[in-house]
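Work through the following exercises with the sequence and the model open, and try each task before reading its solution.

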Amino acid sequence: MWRHGLRMKIGSLGVMLVAVVLMTSPCIPCEAPVLGPSSAYLDAGDGFDVAREEFGKAVLAVREAEASGAEPIQLGLLVERLNLVVGMIGRAEQLVGRGEVEEAAVQLRRSVEVSREVVEKAAVLREEGTRSTHYGRMLSFGMVPVASLLAALMSHFSWRWLRRREVERIMRSEIREGKGAREEQR
Amino acid sequence: MRISEDLARAATVFICVTVVLSTLTYVALTPRPREEFFQIYVLGETRMAERYYPGNNPNIPAGQAVKWHVGLTNFMGSIQYVAIRAKLGNSTIKAPSDVDHIPSPAPMLMDFRRVLMNNETWEFPFVWMIKEARTNGDVVRIAVLDLNGVEIRNGEVSALKGRNFRIIFELWTLDSESGNEVFGWRAGAERRVAWLQVWFNATSPRPT
């Protein structure tokens, strides 16, 4: 009888746990954010256009990595690389102004390489960020039914303990009263 | 009978605690909407909002260096590519429009670009000097300006008796939707702009 009752309790709580997990599962995002449009945001020569377009892509890639919950330290390193690209493009503009076109082209080529490298690293960070955010949410929502189950068990056993103590107290007082009545009769 | 009562009580506690904890978890994990903005400022040579001119005299003669500190803080909640465009204007050139989000048509002296992380402040020195000012009757034209060691030739901006020139600082950002550099920034459905200006007089020009 006692075993049957316990089985019933565990079975019911298990059903509730599964129901809660199913209810909360739509809150967990399953898709990674979609990449934004490419950019070409300043007018200049071909080299500058390519460099700026690649730089724009790199900025958007880093923003997406940030939005997916990537580590701030890792993002900081990518931002440093982006500022390096900003410096290279600025230097190339100055060199063109001075007529040093070949040196400017070298700077622009390097800036494109760094931008592409940043895009690759940002994609990796975005994947890692999405995964860690996903697991973090799963863990957080998964802990809810566990905590609820613990709370339910604690309340159940506390209630039983209190009721047993109350019954024992009443029985003791009744026994005392019975003993007193018998002594009076003697 | 007692078992089912106990079970009902435990189930009620379970459901109530689940609802409360699920709500709390959702609230804790959902990022709160907050205002997205930039803070732009210009400080004097002491890095305070004072002493914008040498000797607190806004009449700047040619050859006199003026040192400011320009700063920008990113409160957009994300990484931003920003450009601060410094322009030279006078009293008749249109200022940037806060309503229509149109930049000033004043000629650009230099732009300063950087990628900023969220909550990052970027501050840089802005040291300028009138190298050459030309007069034509009462009209004074700043022909050559030295800005952070770079010589900038400018033949467009002039002012009567050299009064009421101004340096305008405009904030431009990379718009992620269009992929273009735009004046101001997009905060949700709204467009916002930020700009500053500091007035000065170009006095004592060298006669030409």
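**Exercise 1.** Determine the handedness and relative direction of the crossing of α2(A) and α3(A).

*Solution.* The crossing of α2(A) and α3(A) is left-handed, a term used when the near helix is turned anticlockwise from the far one by less than a right angle. In this predicted model, local features need pLDDT of at least 70 and side-chain atom pairs count only at pLDDT 80 or more, whereas totals for chains, interfaces and linings use all residues. Residues are numbered from 1 along each chain as its sequence is written, and chains are lettered from A and ligands numbered from 1 in the order in which they are written.

Next, take the axes, which are lines fitted to C-alpha atoms over the stretch in contact, with angles from 0 to 180 degrees between N-to-C directions. Those of helix α2 (residues 46-67) and helix α3 (residues 72-97) of chain A come within 11 Å and cross at roughly 165°; helices here are DSSP runs (H or I, at least four residues), and strands likewise (E, at least two), numbered from the N terminus. The two helices are therefore roughly antiparallel, the word for angles over 145 degrees.

Finally, list the contact, where two residues count if their C-beta atoms, placed from the backbone, lie within 7 Å. Among the residues of α2(A) are F55(A), A58(A), V59(A) and V62(A), and among those of α3(A) are L78(A), L82(A) and V85(A).

**Exercise 2.** Which residues touch the most other members of the largest nonpolar core?

*Solution.* Such a core is a set of buried Ala, Val, Leu, Ile, Met, Phe, Trp, Tyr and Cys residues joined through C-beta atoms within 7 Å, where buried requires 20 or more other C-beta atoms within 10 Å, exposed means 12 or fewer, and partly exposed lies in between. Of its 63 residues, A58(A), V59(A), V62(A), L82(A) and I142(B) touch the most other members. Leaving aside residues up to four places away in sequence, A58(A) touches L82(A), V85(A), S115(A), V118(A) and V119(A).

**Exercise 3.** Where is N119(B) found, and is N119(B) buried or exposed?

*Solution.* N119(B) is found in the loop between β5 (108-116) and β6 (121-136) of chain B, and with 10 C-beta neighbours inside 10 Å it counts as exposed. Its phi is positive, about 70°, although N119(B) is not a glycine.

Definitions and conventions:
Parallel < 35°, antiparallel > 145°, perpendicular 65-115°, else oblique.
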